[in-house]
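Look through the structure below, then work through the questions that follow it. Each answer ends on what was asked for.

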Amino acid sequence: MDNCIFCKIVRGDIPCRKVYDDDDLLAFHDIHPVAQVHIMLIPKLHLASLMEANDSHTALLGKMLLSTSKLAKEQGLNNGFRTVINTGKGGGQEVFHLHIHIIGGNIPPMVRRD
Ligand code: 5GP
Ligand code: ZN
């Protein structure tokens, strides 16, 4: 996809601080981290969001989810981490190339009840 910023990162047209790379996946530091650790995990295949995913992507999505723990541990998040997938405009997605946010450090519970 010519104008997709994450496809440009996959192609090397835009630099990133890479933390993982294989045939299917790329992970790199988010440019605007919201916590001590904030990694973007993306498929190299352009897939706009979870709404565009179908049965042909089962293995890829499984591989992404299973990679999160390994990446989080490599970043020192031995005590746990948060994964976020924003989907579509209604889900607050801004970059329309599927990605999992891996976030950790000193983060509060997501939902406050006070
Ligand atoms: P979304 O809101 O779509 O779920 O998340 C997109 C994320 O991509 C944001 O956290 C944003 O900071 C990150 N991002 C956007 N452009 C770039 C970029 O060029 N490089 C990197 N490393 N992260 C980016
Ligand atoms: Zn893309």
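A salt bridge is a side-chain nitrogen of Lys or Arg within 4 Å of a carboxyl oxygen of Asp or Glu. This is a predicted model, in which local features need pLDDT of at least 70, side-chain atom pairs count only at pLDDT 80 or more, and totals for chains, interfaces and linings use all residues. Residues are numbered from 1 along each chain as its sequence is written, chains are lettered from A and ligands numbered from 1 in the order in which they are written, and side-chain values use heavy atoms, with hydrogens and water left out.

Q: How many salt bridges does the structure hold?
A: Side chains of opposite charge can pair when their charged atoms come close. One of the pairs here is D13 with R11, whose closest N and O atoms are 3.0 Å apart. The number of salt bridges in the structure is 6.

Q: Is D13 buried or exposed?
A: Buried means under 20% relative accessible area, exposed means over 50%, and partly exposed is in between (1.4 Å probe, protein chains only). R11, the salt-bridge partner of D13, has 43% relative accessibility and counts as partly exposed. D13 has 52%, so D13 counts as exposed.

Q: How many residues apart are K44 and D21, which link distant parts of the chain?
A: K44 and D21 form a salt bridge with closest N and O atoms 2.5 Å apart. Helices (H or I, at least four residues) and strands (E, at least two) are DSSP runs, numbered from the N terminus. K44 is in the loop between β3 and α2, while D21 is in strand β1 (residues 18-21), and the separation is 23 residues.

Q: Which residues are linked with K44 in a network of salt bridges?
A: K44 is partly exposed at 27% relative accessibility, and D21 is partly exposed at 36%. The network of salt bridges joins K44 to K18 and D21.

Q: Where does D24, the salt-bridge partner of K63, lie?
A: The side chains of K63 and D24 meet at 2.7 Å, N to O. K63 is in helix α2 and its partner is 39 residues away in sequence, so the pair ties those parts together; D24 lies in the loop between β1 and β2 (25-29).

Q: Which residue has its backbone oxygen 2.6 Å from a polar atom of the side chain of S67?
A: S67 is found in helix α2 and is buried, with a relative accessible area of 13%. Not counting residues up to four places away in sequence, S67 touches L25 and L41 (contact means heavy atoms within 4.5 Å). The backbone oxygen 2.6 Å from the S67 side chain belongs to K63.

Q: What is the geometry of the site of the zinc ion (ligand 2)?
A: Donors are N, O and S atoms within 2.8 Å of the metal (3.2 Å for Na, K and Ca); water is not among the atoms, so sites may look incomplete. The protein donors are C4 (SG), C7 (SG), H46 (ND1) and H97 (ND1), lying 2.0 to 2.3 Å from the zinc ion. Four donors count as tetrahedral if all angles lie between 85 and 135 degrees. The angles among the 4 donor atoms are 105 to 116 degrees, and the site is tetrahedral.

Q: Is H97 buried or exposed?
A: H46 lies in the loop between β3 (37-43) and α2 (58-74) and H97 in the loop between β4 (82-84) and β5 (100-104), so the pair ties together parts 51 residues apart in sequence. H46 is partly exposed at 23% relative accessibility. At 0%, H97 counts as buried.

Methods
Four donors count as tetrahedral if all angles lie between 85 and 135 degrees; four count as square planar and six as octahedral if opposite donors are over 155 degrees apart and all others between 65 and 115; anything else is irregular. A polar contact is a pair of N or O atoms within 3.5 Å; within protein, one must be able to donate a hydrogen and the other to accept it, and residues adjacent in sequence count only if both atoms are side-chain atoms.
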